Amino acid sequence: MQNLYIAPTSSTPEVNFQFDRHQLSLRGESYPENAHAFFGPIMQAIQAYLPTLHSTQVTLDVQLAYFNSSSTKVLLELFSLFNDAAVAGNYVTLNWHYIEDDETILEFGQEVADDFTALDFNPCALVE
Amino acid sequence: MSLTDFHRFKELARQENVVFYYTGYFSQSIVTAMGDSLRLRLASLDASQTARRKLFSVFVEMAQNVVHYSADHLSASEAADHEIRMGSLWVGEDDGQFYVVCANPITAEGVEHIRAKLEPLRTMTNEEIKARYKEKLRTEGEAGSKGAGLGFLTVARDSSNPIEFDFVEENEGQPFTTFYLKATI
């Protein structure tokens, strides 16, 4: 399966999905006008990738300094797909990078961990 | 407008500690450019990381609300992307607290719809707003919503005081009412 790379812009994150190495990352900020339009192809790639896995260790690095409300909703749908893959017998580590004094980002990460218990949630504080 | 009037306008903005003011058509690229400008201004101000992020969050939700919902539009009204709509947005500082005010035209039918959404948020505690936000995040979006239906809740969540809003009737013959929303960080 082909890797997916999308360069960052002011309002969209860098998407670097190295499917061949099972290393996926999202970095930057996310406030596109239409989050479904931006994340649609990304979700499709993930939906094609996850069923190909068998007892695989996948690492997902998320380092988003800011995301708007519609991106928040899409991110939750995205984590749900990874949680399903973990329930199906894979190992998914979610490295959740957040700026140390930013409670909102950490709280959302903890909610993701509470909702999707099959994910190996790993909060990583970034000191400014 | 004479240059003296421009000077009065500029002086008033300075006296009122206006950090940023824009009025005109809003598109995503304008929101992004305003966001960059706002961030530069915020970097030079003495504000915590959390306060800056909350201010930026309120700014984006309000500005994108104009892009999606203002009644005065240049783009096709049924467009899902690349929308362009009319509004105004202020960021200012008052007694050491930052605020964002947004204004945009809405239709008469929009008034009660928005009031019904905002009025309950004024009396809810922070904990109640957070709980409502979490609940809403996990439910299907409502019909007619182009985002996640979480915009006003996000503004209320990131605001330290209850949000304020008003509807101002325009002069006779004007088809729209102006909707004002203010959040203090």
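Modeller: The lining of the largest cavity has five nonpolar residues and two polar ones, with no charged residue. This is a predicted model. The volume of the largest cavity is about 30 Å³, and the structure holds one cavity of 30 Å³ or more. As for how such places are found, rolling a probe the size of a water molecule over the atoms shows where empty space is left.

The second largest pocket takes in residues from both chains. Its volume is about 410 Å³. It is lined by 28 residues, and the closest to its centre are A:Thr104 and A:Glu107 from chain A, with B:Lys130, B:Arg157 and B:Asp158 from chain B. On the chain A side, the elements that supply two or more lining residues are β4 (57-67), α2 and α3 (103-115); on the chain B side they are α3, α5 and α6 (151-158). Helix α3(A) gives the most to this lining, with six residues. By class, the lining of the second largest pocket has eight nonpolar, ten polar and ten charged residues. The lining of the largest cavity, by contrast, has no charged residue.

The axes of α2 (residues 69-87) of chain A and α5 (residues 126-137) of chain B come within 10 Å and cross at roughly 55°. Because of that angle, α2(A) is oblique to α5(B). From α2(A), the residues that make the contact are A:Thr72, A:Lys73 and A:Leu76, and from α5(B) they are B:Tyr133, B:Lys136 and B:Leu137. Sorted by class, the contact of α2(A) with α5(B) has three nonpolar residues, one polar residue and two charged residues.

An unreviewed UniProt entry lists residues 6-123 of chain A as "domain: SiaC family regulatory phosphoprotein". In the model, the end C-alpha atoms of residues 6-123 of chain A lie 24 Å apart. That span is 40% helix and 32% strand.

Terms used:
Residues are numbered from 1 along each chain as its sequence is written. Chains are lettered from A and ligands numbered from 1 in the order in which they are written. This is a predicted model: local features need pLDDT of at least 70, side-chain atom pairs count only at pLDDT 80 or more; totals for chains, interfaces and linings use all residues. Side-chain values use heavy atoms; hydrogens and water are left out. On a 1 Å grid over the protein atoms alone, a cavity is a set of points where a 1.4 Å probe fits but cannot get out, and a pocket is an open set with protein on both sides within 12 Å along at least five of seven lines; lining residues have an atom within 4 Å of a point. Grid points are joined across faces, edges and corners, and a volume is the space filled by probe spheres set on the points. Ala, Val, Leu, Ile, Met, Phe, Trp, Tyr, Cys and Pro count as nonpolar, Asp, Glu, Lys and Arg as charged, and the others, Gly among them, as polar. Axes are lines fitted to C-alpha atoms, for helices over the stretch in contact, and angles run from 0 to 180 degrees between N-to-C directions. Helices (H or I, at least four residues) and strands (E, at least two) are DSSP runs, numbered from the N terminus. Angles under 35 degrees count as roughly parallel, over 145 as roughly antiparallel, 65 to 115 as roughly perpendicular and the rest as oblique. Contact means heavy atoms within 4.5 Å. UniProt positions are given in the numbering used here, feature names are shortened, and annotations may be inferred rather than shown by experiment.
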